[in-house]
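User: I would like to learn how to read a structural model. Please take me through it one feature at a time.

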Protein chains: 2
Amino acid sequence: MHSWFEPQSLVLIGVSRKSGVGAYNNLEMLERYGYRGRIYVVHPKVDEILGHRTFPVIAALPEVPEMAVISVGRERVLSVFDECAQFGIKRVVVISQGFADADERGKELQMQLVTMARNHGVRVLGPNTMGILNAFTRFNTGFVDIAQDPDPPPLTLVAQSGVFQVGFESFSRRLGKAIDVGNAADLDFAEVLDYLEHDAQTEIIVLHMEGVRGGRAFLETAARVARYKPIIVLKTGRSTAGARAALSHTGSLVGEDVVVDAAFTRAGLIRVRNMIEMRAVCQAFLHYHSMAGPNLGVITATGACGIMTADACEDYGLELAPFPEAIRDGLENPHIAWHRLNNPVDVWPLGMVSGSFTNVFKNAARGLLHDDRVDALLGIVPALASPLHADLDLVAMMRDIQTANPRQKPIALWLYADGIDQQARALANEPDVACFASIDEAVMGLAALYRYRRFVEQAKSQPAPFVSLSPKPGAAAAVPKDGVLVGEAALDVLRHYNIPGVPGEMAMDAGAAAVIADRLHYPVVLKIVSLQWLHKSDLGGVCLNIKNGEELRTAFNELLSHFRRQTPSGELQGILVQKQVSGIEVLMGIKRDPQLGPVVVVGTGGIYTEVFRDVARCLAPIAAFDAREMLQALHIYPILLGTRGQKGVDLDALANMLLGLSQLAVDCPQIGELDLNPVMASHEGCWCVDARMVLAQA
Amino acid sequence: MHSWFEPQSLVLIGVSRKSGVGAYNNLEMLERYGYRGRIYVVHPKVDEILGHRTFPVIAALPEVPEMAVISVGRERVLSVFDECAQFGIKRVVVISQGFADADERGKELQMQLVTMARNHGVRVLGPNTMGILNAFTRFNTGFVDIAQDPDPPPLTLVAQSGVFQVGFESFSRRLGKAIDVGNAADLDFAEVLDYLEHDAQTEIIVLHMEGVRGGRAFLETAARVARYKPIIVLKTGRSTAGARAALSHTGSLVGEDVVVDAAFTRAGLIRVRNMIEMRAVCQAFLHYHSMAGPNLGVITATGACGIMTADACEDYGLELAPFPEAIRDGLENPHIAWHRLNNPVDVWPLGMVSGSFTNVFKNAARGLLHDDRVDALLGIVPALASPLHADLDLVAMMRDIQTANPRQKPIALWLYADGIDQQARALANEPDVACFASIDEAVMGLAALYRYRRFVEQAKSQPAPFVSLSPKPGAAAAVPKDGVLVGEAALDVLRHYNIPGVPGEMAMDAGAAAVIADRLHYPVVLKIVSLQWLHKSDLGGVCLNIKNGEELRTAFNELLSHFRRQTPSGELQGILVQKQVSGIEVLMGIKRDPQLGPVVVVGTGGIYTEVFRDVARCLAPIAAFDAREMLQALHIYPILLGTRGQKGVDLDALANMLLGLSQLAVDCPQIGELDLNPVMASHEGCWCVDARMVLAQA
């Protein structure tokens, strides 16, 4: 991977003969960006471009360059690529569009490109890419004139679009390195992450994905790297998840994006929802080391913004630190004894009375930073352009405050009024202070910083996600390769995986039924079992809520004579005596994600399933830790624990059922979908009442 | 109100002797802002400030000014105010802090101020206010140097803080007029709204509230005005709502902020959640007339941002318009026949091949704007600072596109790359194009525009909200003034309001019970009624699920002998034969909001109440329209309608019960809280099983 980011030599094929305004000439851009390696240009028709003597064919080059950058029309890409490969070039960037990003012909061309690359042992970046940018080595394959960062930050971006390089200000704010994997026909996220893991110039990783490319391999690598380098991910196409609502029931709940979300969370990735959050979070990671706890100290020149900060804290998961009483004396002013000191600290009245906003702000900041219960500071400061307000030297103020910040707690600013740009520019070179575009963005950024810190700490005592689990065939051998299993047939499979169906036995007469019922404990249910009575409920073949032996006898005989009357020639297999189970209705199942494989699902069952969509998911196989986390993530978890004097349900039994599903998913890759709905959960135990398994060739 | 915004003369009391940098001198600011009325300055110690001869006392003024602006220390405010009043001044702005915003003494001073004002027929703005800003007449009472907008927009801000004037760029983007009501001791939101309703310079109203000041009066005025002038509201302090979680059950669900939210929605106010949304929405209303439907056409220079736009549309409630097939031929380019045209329209490949991004963008824009199914346009455009990309003249491009936009559909832009500021500045004077700070903000703004348009249209056929309803005493007369009513006592009150309890009658013997049960239809429930058996369930005094006459007889006699055995001297009032009701558990009730009064509540009942918090609310009294809307707003509405082959519940019965609660709330203002939990709702009817009414002197 190293040579992708720092080639000593490269050849460009497809360079425009035009240059200057509107030409999008990547040779011109490469030179402007300051590339210092050896550049070769291949062009069949002209002798010179921008002062570079061109070569008519690749074979004419005086050396084998470390990289080729191809931007010819799609129909010429394969032959140019072949020339490169024949000549011994090992890395090829295919900027050209019109491959899997376009039509069927494009997909075909891309497949041929990949085959050709594999055969020659050549690696490909793209197609449909802007390529690579490296501000450290001044290397940039793109066709847009991007200013080189003279002091590159340790932030590396891996995206599927060039817009994150061209418009980096709006996304990651700054760029040290960037790679656009484009269609990712060959080089993909997992491999790049693998490299970045040990790249000393990369301390922050930012991803843009349009689908979880690389599936499990990506997740495993990302989960490993995320434990010591923050990975911020903008995964777009969230809304298509909705459109792909799967056909059947569990499917409709486990839309693709919610699975991605669960997997990212488990892997410790910092998912951002949109560009606003991306920018805020990148800004926080670019400026700050860490935020040790959730408690924010706030200093504001206006009470109204203190309240807005409190709202934002609740929205994004931070808390307002308690006001440090120790600093009260140093801040109070006898001329306005009525002024109330809290966190947020409203310094405006104090500044007006004392004549120095700066001094009051500094005192408050030092006091807050000194307090152990304050994990970060947000300052809300008017930045007024008027010469009448020119007495605010924010840079000096911030430097002074930083001397009282030995633990490097994050200090964020939100500036308002007409001098924002001017003040923000002045502060831009202060590495440890960030000016955010709104209070909300400041809190979003800090909250992500804190969440990541918490993840890193908790991860130490958690098992690694996406555990491997060996198949235990045997029981699985009996599961058909395709078709649909329902009712008893599905329950039979589940029983082998510690997922009990409702206890019950068949009886042929009322006496035997009574013995069974005594064993099961009343109340019980009776059900006619006959191939002619598949829809037994509709036919009146079910009797519920039988409370004692007398009722059982009556009911048994009534059912029997009802059956004989309705279907005189019907063949009765028996009458099923089943425990009448009650409890909380829980839904469980397996769903297969097209990119990530099997997913174990648990949620609120019964009639509320679809309206509340209270579902937790985890990629199979899962560990016991995951099973517990899934149950705890449910809205109904307090009910499962027991509320209002009700006993809690057998959570261990539920967790074991989830582990059983996980093993089943591993053993039977042909399961496309499995719904257990409902599972009845009570303090006496948990039983699967009904199940439906959709099988398809894996 | 007019004179508040355009006084011809005013007197300043409390002007600082200092001026210049850091002085915050409001006389200096008033003059810099360009005020052209007559200014008087009262100062006890100096003869002249900033070239103005001062007067030692107000009585020495040569005329009675239209307004006084007081910024002395809080202890001197009352005496200065009294002087003003004595002199005949009718409008006083009290800038000074330290009143209800501070301590008990401050509250007391504020009450005295209000009393004094009422006695003299003087109106007060504040205390704790920045006062008034009017860019049209160049009038500004604040102590911060704010630049006057030479072309004031028709946007008026009413806030409870000066930060919205000082930092308007971050909130409403621009200001025509602004008023800070501060502590709103006298002049309050409703009165200002009342004035703005007919103010020709006000087409957009923006509010910042820290609580719904003025309660019903505010809501009624706002609801009236909102039908023809958009009212954008940032109501902060959302998070304190959580802290105020009420003691009892319905209380915990009807936190203050959710009530506000329901009331604002019903009034047609455009609530924004934070400053990001406020800025985006104000920008949309400042630039655009209306958005007729939800369908967005998107032109983008990058496919990645098209996907982000699709995500944002789903997040904020817009849709992507279908691609207008009629424009396909005009856009396709034979050199890249593989290029797929959709909405979002990715124009980059077309621009690269044709050599003119501008022409392709203009073609696409004209085509989209011409299509009836496109209600607004979003353009995603690189704004590159490099001289190599200087061929993009966005202003010319936009003007050209506007000529093809006779219906004035909104055209929004999101720019990226290092030339954003430069291009945005150039576009700032184009009244009909707005550059948003992110794709999400563009979509937020347009979505608010569309929602408001839809509200205005729907409001035509809706009854006005917050209907008035006369009390119908009678039944209400029997309700005690305080205490708590539970069980039958509460159900008795409810029956008078068309809220039926579960049907049932008392029987003294099994024969009578059987007659009653036949009338009620099986299954039935039997319950011992005795003053000695208040906790009848715990004592075994209840028998459920009795299915026929035989079971009834057995159960009746068993209960009777059980009662005699357990309490031989107990006095039996009878055995209650009650219909065993089943169905969907629904929660209903009344909650009293401290600012807005009684609120009717409906939601998911039973064990899921607290975990899903599926609740709809409406200020009482409600109309039949509101009752239906409330039911439709519930997550469980599809279940109430009937799903999975289940019959729907009697929605009319539920709606009538809500109307009954509404009447009850009007009749009995002493009801602090009323919970009906559960109401059992089925297709046969809806019955209240249990109720709890907390009464307190109104």
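## Reading the model

Analyst: L369(B) is buried, at a relative accessible area of 5%. Keep in mind that this is a predicted model.

User: Where is L369(B) placed in chain B?

Analyst: L369(B) belongs to helix 16 of chain B, residues 357-370.

User: Which residues does L369(B) touch, leaving out those up to four places away in sequence?

Analyst: L377(B), I401(B), A404(B), N405(B), K409(B) and I411(B). Take A404(B) as an example. L369(B) and A404(B) are 35 residues apart in sequence, yet their C-alpha atoms are 7.3 Å apart in space.

User: Next, the two chains. How is chain B laid on chain A?

Analyst: By a turn of 180° with a shift of 0.1 Å along the axis, giving an RMSD of 0.2 Å. The two copies are thus related as by a two-fold rotation axis.

User: Which residue of chain B comes closest to the rotation axis?

Analyst: F612(B), whose C-alpha is at 3.7 Å.

User: How do I read the size of an interface?

Analyst: It is often given as the accessible area lost when the parts come together. Here about 7600 Å² is buried between chain B and chain A, and carbon and sulfur atoms give 61% of that area. W338(B), L388(B) and F612(B) supply 10% of the area that chain B buries against chain A, more than any other three residues. The contact takes 91 residues from chain B and 92 residues from chain A.

User: Why can one say that the copies meet through the same surface?

Analyst: Because 100% of the interface residues of chain B are also interface residues in chain A.

User: How many salt bridges are there between chain B and chain A?

Analyst: The count is five. One salt bridge joins the side chains of R238(A) and D311(B), at 4.0 Å from N to O.

User: How is a pair of aromatic rings described?

Analyst: By the distance of the centres and the angle of the planes. Over all chains, this structure holds 34 aromatic pairs. W533(B) and F563(B) form a tilted pair, with 5.1 Å centre to centre and 50° between the planes. The pair links distant parts of the chain, 30 residues apart. W533(B) is in the loop between strand 23 (524-529) and strand 24 (542-546) of chain B, while F563(B) is in helix 22 (residues 549-566). W533(B) and F563(B) are buried.

User: Which residues form one aromatic cluster?

Analyst: Y24(A), F143(A), W348(B), F357(B) and F361(B).

User: Where does the charged end of K177(A) sit?

Analyst: Over the ring of F5(A), 5.5 Å from its centre. In chain B, the charged end of K177(B) sits over the ring of F5(B), 5.5 Å from its centre.

User: What should I expect of the backbone?

Analyst: Most residues other than glycine have a negative phi, and most peptide bonds are trans. Now look at Y24(A). Its phi is near 50°, a positive value in a residue other than glycine. Y24(A) lies in the loop between strand 1 (9-13) and helix 2 (26-33) of chain A. R173(B) also has a positive phi, near 75°.

User: Is Y24(A) buried or exposed?

Analyst: Y24(A) counts as buried, at 17% relative accessibility. R173(B) is partly exposed, with a relative accessible area of 32%.

User: Which residues does a cis peptide bond join in chain A?

Analyst: N343(A) and P344(A), with omega about 0°. P344(A) lies in the loop between helix 14 (328-331) and strand 17 (345-346) of chain A. In chain B, a cis peptide bond joins A620(B) and P621(B).

Methods. Residues are numbered from 1 along each chain as its sequence is written. Chains are lettered from A and ligands numbered from 1 in the order in which they are written. This is a predicted model: local features need pLDDT of at least 70, side-chain atom pairs count only at pLDDT 80 or more; totals for chains, interfaces and linings use all residues. Side-chain values use heavy atoms; hydrogens and water are left out. Copies are superposed by least squares on the C-alpha atoms of residues with pLDDT of at least 70 in both. Contact means heavy atoms within 4.5 Å. Helices (H or I, at least four residues) and strands (E, at least two) are DSSP runs, numbered from the N terminus. Buried means under 20% relative accessible area, exposed over 50%, partly exposed in between (1.4 Å probe, protein chains only). Rings of Phe, Tyr and Trp (its six-membered ring) pair if their centres lie within 6.5 Å; planes under 30 degrees apart count as stacked, over 60 as edge-to-face and the rest as tilted. A charge sits over a ring if NZ of Lys or CZ of Arg is within 6 Å of the ring centre and within 35 degrees of the ring normal. Buried area is the accessible area (1.4 Å probe) that two parts lose on being put together, summed over both.
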